[in-house]
Amino acid sequence: MIDVHFVPTPNGHKVSIMLAELDVPHRLIPYDMLAGDHLTKAFRQINPNGRLPAIVDHAPADGGAPFPVFESGAILLYLSEKHGGALMPEDTRGRSLAQQWLMWQMAGFGPMHGQAHHFIRYAPEGQEHPVTRYRNEAIRLLNVLERRLQETPYMAGEDYSVADIATWPWVRAARAIQLPLEPYPAIQRWSAEIGKRPGVQRGTEVSNERNLSSLRPQLTKEAWSNLFGENMLKSGQ
């Protein structure tokens with residue numbers, strides 16, 4: 001059994017999709033980040049960085065004690081390796097391509113889209129420079145993905161892989177920052193095909209409440225502090 005410490009964000013959905021695709025028994029343990037559930041010392045024993053998602057594998061391949069894994073990309077690779085290289089190309093070049101595009105998502109597409117979400121949706125209004133900066137970078141990265149998907153059906157080549165699982169939830173979230181996909185026909189084709197997969201549908205059954213899915217979520221002072229402010233800072237000391 002795998003415990004998934006979970007919120008239904010794009011990063012959380014990477015893991016829930018992967019587990020659904022592999023048909024692995026797991027238990028979602030929901031966290032209320034607005035209430036600060038993720039700021040506890042107990043959770044930092046699972047993820048020293050205090051961020052969601054994270055997993056605890058109660059039946060690791062080595063037969064040892066329960067094993068925690070944090071960082072969504074590392075979780076995808078851990079699950080793939082545990083299940084015989086699942087959702088990774090078998091050949092050396094294909095495997096490297098999947099890893100390269102997974103790292104691109106982890107280092108670029110996800111963080112830059114995340115910053116765009118913060119300044120467009122959460123930060124106090126009127127901050128023209130960061131809104132423009134991160135919106136432009138989010139668009140640039142969509143252009144990179146569009147060019148790639150004009151060349152090949154999936155990000156690592158002919159086959160669906162962990163790179164697609166990592167990127168698809170963030171592409172889906174582009175609508176929350178009013179970035180339409182109509183200018184990107186290859187992304188639209190890819191996104192629609194992935195969205196039809198039963199594992200993807202099962203893995204995204206849990207969604208955020210309407211407030212957190214809106215263009216301008218309404219946060220209390222305490223919720224803001226838990227997500228971005230003093231409570232968040234104190235928790236890491």
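I began with glutamate 71, placed in the loop between strand E4 (67–70) and helix H3 (72–82). Helices and strands here are DSSP runs, H or I of at least four residues and E of at least two, numbered from the N terminus. Phi of glutamate 71 is near 75°, positive although the residue is not glycine.

The model is predicted, with local features needing pLDDT of at least 70, side-chain atom pairs pLDDT 80 or more, and totals for chains, interfaces and linings using all residues. Residues are numbered from 1 along each chain as its sequence is written, and side-chain values use heavy atoms, without hydrogens and water.

Next I checked omega. The bond from leucine 52 to proline 53 is cis, with omega near 5°. Proline 53 sits in the loop between helix H2 (41–44) and strand E3 (54–57). Most residues other than glycine have a negative phi, and most peptide bonds are trans.

Then I looked at helix H4. Residues 92–122 make up its 31 residues. H4 reaches 42 Å from first C-alpha to last, close to the 45 Å expected at 1.5 Å a residue; the expected span is 1.5 Å times one less than the number of residues. I found a kink of about 40° centred on glutamine 105. The bend is the angle between axes fitted to the seven residues ending at a residue and the seven starting there.

I also counted 5 salt bridges, each a side-chain nitrogen of Lys or Arg within 4 Å of a carboxyl oxygen of Asp or Glu. Glutamate 21 and arginine 197 form a salt bridge at 2.8 Å, N to O. Glutamate 21 is in helix H1 (residues 10–22) and arginine 197 in the loop between helix H7 (185–195) and helix H8 (198–203), so the pair ties together parts 176 residues apart in sequence.
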